[in-house]
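How do two packed helices get described? By the angle between their axes and the distance between the axes.

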Amino acid sequence: MQSRTPPGAEPGPTRAELDSRLSAELASVVAGARRRAVRDGDRQIDTAHLLHSLLETDPEVRGVFENGAQVVRLLGYLVQRSIGYGLQWQGTVEDSGAVPVVGSVKEAGWSPAALSAMDVALERAESREEPRALGMDLLAGLTADPECRAVEVLGRAGVDVEVLLRRVEAGCRPYT
């Protein structure tokens with residue numbers, strides 16, 4: 001007998017289990033991204049939703065960008081996604097295929113690229129032997145996939161992703 005569960009929709013950690021592995025700030029980011037996806041009529045939380053919420057919520061993340069003007073430009077592109085160039089994303093699944101989905105976080109409503117970014121964030125926290133991932137961990141996860149929507153937005157705003165990643169690596173502090 002074949003399974004009726006579509007690939008990628010296998011049961012996994014509950015929202016509470018995931019939230020227990022995130023800092024309070026990062027849990028707020030995920031909640032904001034979820035609200036934004038619903039409000040925009042998107043089927044899934046994607047990496048652009050996560051980047052948008054991360055920039056709005058986490059001052060430490062905003063601090064790794066070159067300057068405030070770069071953050072403002074990024075937020076401008078992200079706001080436009082529902083009224084401008086982001087319309088081509090509506091109703092589509094974000095899966096660049098550039099980074100394989102590891103699958104430790106399987107929650108309905110997440111794009112494969114967003115799952116991969118969250119997996120990277122959780123792995124970074126584990127590598128520091130910390131119980132919770134930070135916003136900087138998620139930013140590193142978002143930049144790990146050069147084909148994801150978040151990296152597309154970063155590029156359109158003139159952000160050099162390699163330079164950004166070096167700044168993230170230099171600025172990531174242990175969870176306290």
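## Basis

This is a predicted model, where local features need pLDDT of at least 70, side-chain atom pairs count only at pLDDT 80 or more, and totals for chains, interfaces and linings use all residues. Residues are numbered from 1 along each chain as its sequence is written, and side-chain values use heavy atoms, leaving out hydrogens and water.

## Helices α2 and α3

Helix α2 spans residues 24–40 and helix α3 spans residues 47–57. Both are DSSP runs (H or I, at least four residues), numbered from the N terminus. Their axes lie 8 Å apart, at an angle of about 130°. Axes are lines fitted to C-alpha atoms over the stretch in contact; angles run from 0 to 180 degrees between N-to-C directions. α2 is therefore oblique to α3 (under 35 degrees is roughly parallel, over 145 roughly antiparallel, 65 to 115 roughly perpendicular, the rest oblique). The crossing is right-handed (the near helix is turned clockwise from the far one by less than a right angle).

Contact means heavy atoms within 4.5 Å. From α2, the contact residues include Leu26, Val29, Ala33 and Arg36. From α3, they include Leu50, Ser53 and Leu54. The contact has six nonpolar, six polar and four charged residues. Ala, Val, Leu, Ile, Met, Phe, Trp, Tyr, Cys and Pro count as nonpolar; Asp, Glu, Lys and Arg as charged; the others, Gly among them, as polar.

## Helices α5 and α8

Helix α5 (residues 68–80) crosses helix α8 (residues 149–156) at roughly 125°, with axes coming within 9 Å. This pair is therefore oblique, and its crossing is right-handed.

Leu74, Tyr77 and Leu78 of α5 meet Val153, Leu154 and Arg156 of α8. By class, that gives five nonpolar, no polar and one charged.

Conventions:
Helix = DSSP H or I, 4+ residues; strand = E, 2+ residues; numbered from the N terminus.
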